[in-house]
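Me: Hi, I'm new to this one and would like a quick tour. Can we go through it together?

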Protein chains: 2
Amino acid sequence: MDLTERFVSREEKFSGRILTVHVDTVTLPDGSLAMREVADHPGGVAIVALDDENNVLMVEQFRYVFNEPVLEIPAGKLEKGEDPYLAALRELKEETGATPGFFQPLGKLYPSPGCYGETLHLFLAKNLTFGEAKPDEDEFLRSERIPLEVLLQRILRNEIADAKTVAGVLKAKLYLNI
Amino acid sequence: MDLTERFVSREEKFSGRILTVHVDTVTLPDGSLAMREVADHPGGVAIVALDDENNVLMVEQFRYVFNEPVLEIPAGKLEKGEDPYLAALRELKEETGATPGFFQPLGKLYPSPGCYGETLHLFLAKNLTFGEAKPDEDEFLRSERIPLEVLLQRILRNEIADAKTVAGVLKAKLYLNI
(Lines give C-alpha, C1' and ligand atoms only; values in the text may rest on other atoms or scores of the structure.)
Protein backbone atom coordinates (compact mmCIF):
# COMPACT_ATOMS: atom_id res chain seq x y z
CA MET A 1 0.00 0.00 0.00
CA ASP A 2 1.24 3.47 -0.94
CA LEU A 3 1.00 5.54 2.25
CA THR A 4 1.63 8.91 0.54
CA GLU A 5 -0.43 11.93 1.59
CA ARG A 6 -0.69 14.53 -1.17
CA PHE A 7 -0.85 18.31 -0.87
CA VAL A 8 -4.12 19.94 -1.93
CA SER A 9 -4.06 23.45 -0.47
CA ARG A 10 -2.46 25.57 2.24
CA GLU A 11 -3.54 28.24 4.71
CA GLU A 12 -0.67 30.24 6.22
CA LYS A 13 -1.36 30.88 9.92
CA PHE A 14 1.72 32.45 11.48
CA SER A 15 5.14 33.62 10.44
CA GLY A 16 7.52 34.38 13.30
CA ARG A 17 11.25 34.81 13.66
CA ILE A 18 11.74 31.07 14.20
CA LEU A 19 8.46 29.26 13.57
CA THR A 20 6.07 29.37 10.63
CA VAL A 21 2.72 27.65 10.95
CA HIS A 22 0.37 26.47 8.22
CA VAL A 23 -2.60 24.17 7.88
CA ASP A 24 -2.62 22.03 4.76
CA THR A 25 -5.43 20.04 3.23
CA VAL A 26 -4.14 16.68 1.96
CA THR A 27 -5.51 13.57 0.34
CA LEU A 28 -5.06 10.34 2.28
CA PRO A 29 -4.21 6.99 0.63
CA ASP A 30 -7.95 6.15 0.37
CA GLY A 31 -8.65 9.42 -1.45
CA SER A 32 -10.37 11.14 1.48
CA LEU A 33 -9.32 14.60 2.66
CA ALA A 34 -7.60 15.46 5.94
CA MET A 35 -6.05 18.54 7.56
CA ARG A 36 -2.40 18.68 8.64
CA GLU A 37 -1.22 21.33 11.10
CA VAL A 38 2.47 22.02 10.66
CA ALA A 39 4.86 24.20 12.66
CA ASP A 40 7.98 24.64 10.54
CA HIS A 41 11.37 25.31 12.08
CA PRO A 42 14.70 26.20 10.38
CA GLY A 43 16.41 23.08 11.76
CA GLY A 44 19.18 22.71 14.27
CA VAL A 45 22.36 21.03 15.34
CA ALA A 46 23.40 19.21 18.52
CA ILE A 47 26.78 17.89 19.57
CA VAL A 48 27.80 14.96 21.76
CA ALA A 49 31.24 16.11 22.85
CA LEU A 50 33.45 13.82 24.95
CA ASP A 51 36.70 14.91 26.54
CA ASP A 52 39.67 12.57 26.97
CA GLU A 53 38.26 11.22 30.28
CA ASN A 54 34.86 10.44 28.68
CA ASN A 55 33.14 13.36 30.35
CA VAL A 56 30.23 14.67 28.30
CA LEU A 57 30.01 18.43 27.75
CA MET A 58 26.57 19.56 28.89
CA VAL A 59 24.79 22.88 29.19
CA GLU A 60 21.92 23.78 31.46
CA GLN A 61 19.63 26.51 30.25
CA PHE A 62 16.24 27.78 31.23
CA ARG A 63 13.62 26.51 28.80
CA TYR A 64 10.77 28.97 28.91
CA VAL A 65 8.38 26.54 27.21
CA PHE A 66 8.59 24.23 30.24
CA ASN A 67 9.38 26.93 32.81
CA GLU A 68 12.40 25.03 34.11
CA PRO A 69 16.14 24.62 33.57
CA VAL A 70 16.89 21.72 31.23
CA LEU A 71 20.19 19.84 31.02
CA GLU A 72 21.16 19.27 27.39
CA ILE A 73 24.02 18.60 25.05
CA PRO A 74 25.20 21.79 23.28
CA ALA A 75 22.81 22.72 20.46
CA GLY A 76 21.51 25.57 18.39
CA LYS A 77 19.35 26.62 15.50
CA LEU A 78 20.58 26.78 11.94
CA GLU A 79 20.93 30.23 10.44
CA LYS A 80 19.36 30.49 7.00
CA GLY A 81 21.50 28.57 4.50
CA GLU A 82 24.07 27.62 7.12
CA ASP A 83 25.92 24.33 6.77
CA PRO A 84 25.06 22.03 9.71
CA TYR A 85 28.67 20.89 10.14
CA LEU A 86 29.96 24.45 10.48
CA ALA A 87 26.98 25.47 12.62
CA ALA A 88 27.69 22.62 15.02
CA LEU A 89 31.36 23.60 15.34
CA ARG A 90 30.27 27.19 15.99
CA GLU A 91 27.68 26.26 18.63
CA LEU A 92 30.07 23.94 20.42
CA LYS A 93 32.72 26.67 20.59
CA GLU A 94 30.25 29.36 21.67
CA GLU A 95 28.56 27.33 24.38
CA THR A 96 31.50 25.38 25.80
CA GLY A 97 34.71 26.86 24.40
CA ALA A 98 35.65 23.47 22.92
CA THR A 99 37.24 22.83 19.54
CA PRO A 100 37.31 19.17 18.46
CA GLY A 101 40.17 17.33 16.77
CA PHE A 102 37.71 14.59 15.77
CA PHE A 103 34.31 15.65 14.49
CA GLN A 104 31.78 13.68 12.49
CA PRO A 105 28.06 13.51 11.74
CA LEU A 106 25.97 11.13 13.86
CA GLY A 107 22.83 11.24 11.72
CA LYS A 108 19.75 13.41 11.73
CA LEU A 109 16.78 13.38 14.08
CA TYR A 110 13.16 14.34 13.58
CA PRO A 111 12.24 15.55 17.09
CA SER A 112 8.49 15.27 16.53
CA PRO A 113 7.56 14.28 12.97
CA GLY A 114 3.78 14.51 13.45
CA CYS A 115 3.45 18.29 13.40
CA TYR A 116 6.92 19.80 13.82
CA GLY A 117 9.18 20.41 10.84
CA GLU A 118 12.49 20.54 12.68
CA THR A 119 15.38 18.40 11.48
CA LEU A 120 18.19 18.18 14.02
CA HIS A 121 21.70 17.26 12.83
CA LEU A 122 23.69 15.31 15.42
CA PHE A 123 27.49 15.36 15.63
CA LEU A 124 30.11 13.54 17.64
CA ALA A 125 33.11 15.54 18.89
CA LYS A 126 36.27 14.19 20.53
CA ASN A 127 39.92 15.18 21.05
CA LEU A 128 38.81 18.50 22.49
CA THR A 129 40.90 21.56 23.20
CA PHE A 130 39.38 24.35 25.25
CA GLY A 131 39.29 28.10 24.77
CA GLU A 132 36.85 30.70 25.97
CA ALA A 133 33.09 30.13 25.67
CA LYS A 134 31.08 32.99 24.13
CA PRO A 135 27.34 32.39 24.41
CA ASP A 136 25.01 34.68 22.47
CA GLU A 137 24.01 37.85 24.29
CA ASP A 138 20.51 36.59 25.13
CA GLU A 139 21.71 33.07 25.95
CA PHE A 140 22.17 32.40 29.66
CA LEU A 141 23.55 28.98 30.38
CA ARG A 142 25.70 26.93 32.71
CA SER A 143 28.27 24.68 31.10
CA GLU A 144 29.50 21.56 32.88
CA ARG A 145 31.22 18.24 32.23
CA ILE A 146 29.48 15.09 33.40
CA PRO A 147 31.19 11.66 33.37
CA LEU A 148 29.48 9.45 30.79
CA GLU A 149 28.74 6.79 33.42
CA VAL A 150 27.04 9.36 35.65
CA LEU A 151 24.99 10.67 32.72
CA LEU A 152 23.89 7.13 31.81
CA GLN A 153 22.71 6.61 35.39
CA ARG A 154 20.81 9.91 35.24
CA ILE A 155 19.18 8.81 31.98
CA LEU A 156 18.17 5.51 33.61
CA ARG A 157 16.70 7.40 36.58
CA ASN A 158 14.57 9.41 34.09
CA GLU A 159 16.30 12.65 35.06
CA ILE A 160 17.20 13.63 31.48
CA ALA A 161 14.13 14.75 29.54
CA ASP A 162 15.72 16.39 26.54
CA ALA A 163 15.17 13.98 23.65
CA LYS A 164 18.24 14.95 21.60
CA THR A 165 20.41 14.41 24.69
CA VAL A 166 19.02 10.93 25.40
CA ALA A 167 19.17 9.96 21.73
CA GLY A 168 22.56 11.55 21.08
CA VAL A 169 24.41 10.33 24.15
CA LEU A 170 23.10 6.77 23.83
CA LYS A 171 23.84 6.72 20.10
CA ALA A 172 27.38 7.95 20.73
CA LYS A 173 27.80 5.23 23.38
CA LEU A 174 26.62 2.60 20.90
CA TYR A 175 28.81 4.02 18.13
CA LEU A 176 31.96 4.19 20.27
CA ASN A 177 31.13 0.90 21.98
CA ILE A 178 31.87 2.37 25.43
CA MET B 1 23.04 32.58 38.73
CA ASP B 2 19.26 32.27 38.51
CA LEU B 3 18.50 31.43 34.87
CA THR B 4 14.73 31.98 35.15
CA GLU B 5 12.90 33.80 32.36
CA ARG B 6 9.72 35.48 33.55
CA PHE B 7 6.45 35.98 31.72
CA VAL B 8 5.51 39.58 30.88
CA SER B 9 2.81 39.37 28.22
CA ARG B 10 1.35 37.09 25.55
CA GLU B 11 0.05 37.39 22.01
CA GLU B 12 -2.06 34.44 20.86
CA LYS B 13 -1.22 33.63 17.24
CA PHE B 14 -2.97 30.40 16.27
CA SER B 15 -5.32 27.87 17.80
CA GLY B 16 -5.72 24.67 15.83
CA ARG B 17 -7.01 21.20 16.56
CA ILE B 18 -3.60 20.06 17.80
CA LEU B 19 -1.26 23.06 18.00
CA THR B 20 -1.67 26.43 19.67
CA VAL B 21 0.90 29.11 19.00
CA HIS B 22 1.71 32.19 21.04
CA VAL B 23 4.49 34.73 21.30
CA ASP B 24 5.43 35.76 24.81
CA THR B 25 7.49 38.66 26.01
CA VAL B 26 9.75 37.60 28.88
CA THR B 27 12.41 39.11 31.10
CA LEU B 28 15.85 37.51 30.91
CA PRO B 29 18.10 37.00 33.96
CA ASP B 30 19.80 40.37 33.30
CA GLY B 31 16.42 42.16 33.27
CA SER B 32 16.31 42.72 29.51
CA LEU B 33 13.29 41.74 27.44
CA ALA B 34 13.10 38.95 24.87
CA MET B 35 10.43 37.28 22.73
CA ARG B 36 9.66 33.57 22.95
CA GLU B 37 7.76 31.82 20.16
CA VAL B 38 5.97 28.74 21.46
CA ALA B 39 4.01 26.04 19.66
CA ASP B 40 2.06 24.13 22.31
CA HIS B 41 1.02 20.54 21.84
CA PRO B 42 -1.25 18.32 24.01
CA GLY B 43 1.57 15.81 24.65
CA GLY B 44 1.95 12.23 23.58
CA VAL B 45 2.95 8.70 24.39
CA ALA B 46 5.36 6.24 22.75
CA ILE B 47 5.99 2.61 23.51
CA VAL B 48 9.07 0.42 23.17
CA ALA B 49 7.45 -3.00 22.90
CA LEU B 50 9.60 -6.13 22.78
CA ASP B 51 8.25 -9.58 22.04
CA ASP B 52 9.69 -12.74 23.60
CA GLU B 53 12.38 -12.98 20.88
CA ASN B 54 13.49 -9.35 21.43
CA ASN B 55 11.88 -8.11 18.26
CA VAL B 56 10.81 -4.48 18.52
CA LEU B 57 7.29 -3.59 17.39
CA MET B 58 7.58 -0.80 14.82
CA VAL B 59 5.16 1.10 12.63
CA GLU B 60 5.87 2.88 9.38
CA GLN B 61 3.64 5.80 8.56
CA PHE B 62 3.73 8.63 6.10
CA ARG B 63 4.80 11.84 7.83
CA TYR B 64 3.39 14.67 5.80
CA VAL B 65 5.68 17.22 7.47
CA PHE B 66 8.71 15.51 5.89
CA ASN B 67 6.88 14.09 2.86
CA GLU B 68 8.21 10.58 3.49
CA PRO B 69 7.38 7.37 5.35
CA VAL B 70 9.03 7.27 8.78
CA LEU B 71 9.77 4.14 10.80
CA GLU B 72 8.83 4.67 14.46
CA ILE B 73 7.89 2.95 17.66
CA PRO B 74 4.10 3.01 18.25
CA ALA B 75 2.99 6.42 19.49
CA GLY B 76 0.09 8.79 19.67
CA LYS B 77 -1.24 12.08 20.98
CA LEU B 78 -2.87 12.42 24.36
CA GLU B 79 -6.56 13.17 24.36
CA LYS B 80 -7.51 16.01 26.68
CA GLY B 81 -7.17 14.87 30.29
CA GLU B 82 -6.15 11.34 29.29
CA ASP B 83 -3.81 9.39 31.53
CA PRO B 84 -0.52 8.70 29.67
CA TYR B 85 -0.33 5.11 30.95
CA LEU B 86 -3.80 4.26 29.63
CA ALA B 87 -3.21 6.21 26.42
CA ALA B 88 -0.04 4.22 25.77
CA LEU B 89 -1.83 0.91 26.29
CA ARG B 90 -4.57 2.08 23.92
CA GLU B 91 -2.15 3.23 21.21
CA LEU B 92 -0.11 0.04 21.41
CA LYS B 93 -3.24 -2.07 21.01
CA GLU B 94 -4.66 0.06 18.20
CA GLU B 95 -1.47 0.22 16.16
CA THR B 96 -0.05 -3.27 16.69
CA GLY B 97 -2.74 -5.43 18.34
CA ALA B 98 -0.39 -6.09 21.29
CA THR B 99 -1.34 -6.21 24.96
CA PRO B 100 1.58 -6.32 27.40
CA GLY B 101 1.91 -8.45 30.52
CA PHE B 102 4.74 -6.17 31.67
CA PHE B 103 4.29 -2.42 31.24
CA GLN B 104 6.10 0.43 32.90
CA PRO B 105 7.03 4.08 32.39
CA LEU B 106 10.44 4.80 30.87
CA GLY B 107 10.50 8.53 31.61
CA LYS B 108 9.39 11.60 29.72
CA LEU B 109 10.98 13.32 26.76
CA TYR B 110 10.94 16.92 25.62
CA PRO B 111 11.26 16.47 21.83
CA SER B 112 12.35 20.05 21.19
CA PRO B 113 12.34 22.23 24.33
CA GLY B 114 13.32 25.47 22.59
CA CYS B 115 9.97 26.26 20.97
CA TYR B 116 7.80 23.14 21.13
CA GLY B 117 5.64 22.39 24.16
CA GLU B 118 5.22 18.66 23.63
CA THR B 119 5.99 16.27 26.48
CA LEU B 120 6.24 12.66 25.33
CA HIS B 121 5.74 9.87 27.85
CA LEU B 122 7.79 6.75 27.08
CA PHE B 123 6.78 3.24 28.13
CA LEU B 124 8.37 -0.18 28.01
CA ALA B 125 6.16 -3.14 27.14
CA LYS B 126 7.04 -6.84 27.32
CA ASN B 127 5.33 -10.23 27.66
CA LEU B 128 3.09 -9.38 24.73
CA THR B 129 -0.01 -11.18 23.56
CA PHE B 130 -1.44 -10.29 20.17
CA GLY B 131 -4.97 -9.54 19.04
CA GLU B 132 -6.27 -7.51 16.13
CA ALA B 133 -4.81 -4.05 15.41
CA LYS B 134 -7.35 -1.27 14.90
CA PRO B 135 -5.70 1.93 13.66
CA ASP B 136 -7.76 5.12 13.62
CA GLU B 137 -9.76 5.69 10.44
CA ASP B 138 -7.40 8.35 9.12
CA GLU B 139 -4.27 6.48 10.23
CA PHE B 140 -2.58 4.47 7.50
CA LEU B 141 0.38 2.50 8.74
CA ARG B 142 2.41 -0.64 8.28
CA SER B 143 3.21 -2.59 11.41
CA GLU B 144 6.28 -4.83 11.57
CA ARG B 145 8.59 -6.53 14.05
CA ILE B 146 12.30 -5.84 13.75
CA PRO B 147 14.94 -7.79 15.72
CA LEU B 148 16.55 -5.47 18.27
CA GLU B 149 20.01 -6.20 16.87
CA VAL B 150 18.89 -5.24 13.36
CA LEU B 151 17.29 -2.05 14.66
CA LEU B 152 20.50 -1.12 16.51
CA GLN B 153 22.47 -1.57 13.29
CA ARG B 154 19.96 0.63 11.45
CA ILE B 155 20.34 3.29 14.16
CA LEU B 156 24.13 3.12 13.77
CA ARG B 157 23.78 3.47 9.99
CA ASN B 158 21.73 6.66 10.60
CA GLU B 159 18.65 5.10 9.01
CA ILE B 160 16.35 5.88 11.96
CA ALA B 161 15.54 9.58 12.14
CA ASP B 162 12.63 9.58 14.57
CA ALA B 163 14.02 10.95 17.84
CA LYS B 164 11.63 9.13 20.19
CA THR B 165 12.54 5.84 18.49
CA VAL B 166 16.31 6.37 18.84
CA ALA B 167 15.95 7.61 22.42
CA GLY B 168 13.36 5.01 23.44
CA VAL B 169 14.96 1.93 21.91
CA LEU B 170 18.45 2.79 23.21
CA LYS B 171 17.08 3.64 26.65
CA ALA B 172 15.19 0.33 26.78
CA LYS B 173 18.39 -1.46 25.76
CA LEU B 174 20.29 0.28 28.57
CA TYR B 175 17.50 -0.40 31.04
CA LEU B 176 17.18 -4.08 30.20
CA ASN B 177 20.95 -4.46 29.80
CA ILE B 178 20.53 -6.34 26.53
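**Where the chains meet**

Reply: 55 residues of chain B are in contact with 55 residues of chain A, where contact means that the C-beta atoms of two residues, placed from the backbone, lie within 7 Å. This is a predicted model, in which local features need pLDDT of at least 70, side-chain atom pairs count only at pLDDT 80 or more, and totals for chains, interfaces and linings use all residues. Residues are numbered from 1 along each chain as its sequence is written, and chains are lettered from A and ligands numbered from 1 in the order in which they are written.

Me: New topic. What domains does chain A have?

Reply: The assignment gives domain 1 (6-40) and domain 2 (44-176); such bounds come from an automatic or database domain assignment. The C-alpha centres of these two domains of chain A lie 30 Å apart.

Me: How many residues of each take part in the contact between them?

Reply: Five from domain 1 of chain A and four from domain 2 of chain A. On the domain 1 side, three are nonpolar, none polar and two charged.

Me: OK, what about Asn67(A), where does it lie?

Reply: In the loop between strand E5 (55-63) and strand E6 (68-72) of chain A. Asn67(A) isn't a glycine, yet has a positive phi of about 55°.

Me: Is Asn67(A) buried or exposed?

Reply: Exposed, because Asn67(A) has 11 C-beta neighbours inside 10 Å. The cut-offs: buried if 20 or more other C-beta atoms lie within 10 Å of a residue's own, exposed if 12 or fewer, partly exposed in between, with C-beta atoms placed from the backbone.

Me: Last one: where is Gly97(B)?

Reply: Gly97(B) sits in the loop between helix H1 (84-96) and E8 of chain B. It counts as partly exposed, because it has 16 C-beta neighbours inside 10 Å.

Me: What does Gly97(B) touch, leaving aside its neighbours within four places in sequence?

Reply: Phe130(B), Gly131(B), Glu132(B) and Ala133(B). The C-alpha atoms of Gly97(B) and Gly131(B) are separated by 4.7 Å, with the two residues 34 apart along the chain.

Terms used: Nonpolar A, V, L, I, M, F, W, Y, C, P; charged D, E, K, R; others polar. Helix = DSSP H or I, 4+ residues; strand = E, 2+ residues; numbered from the N terminus.
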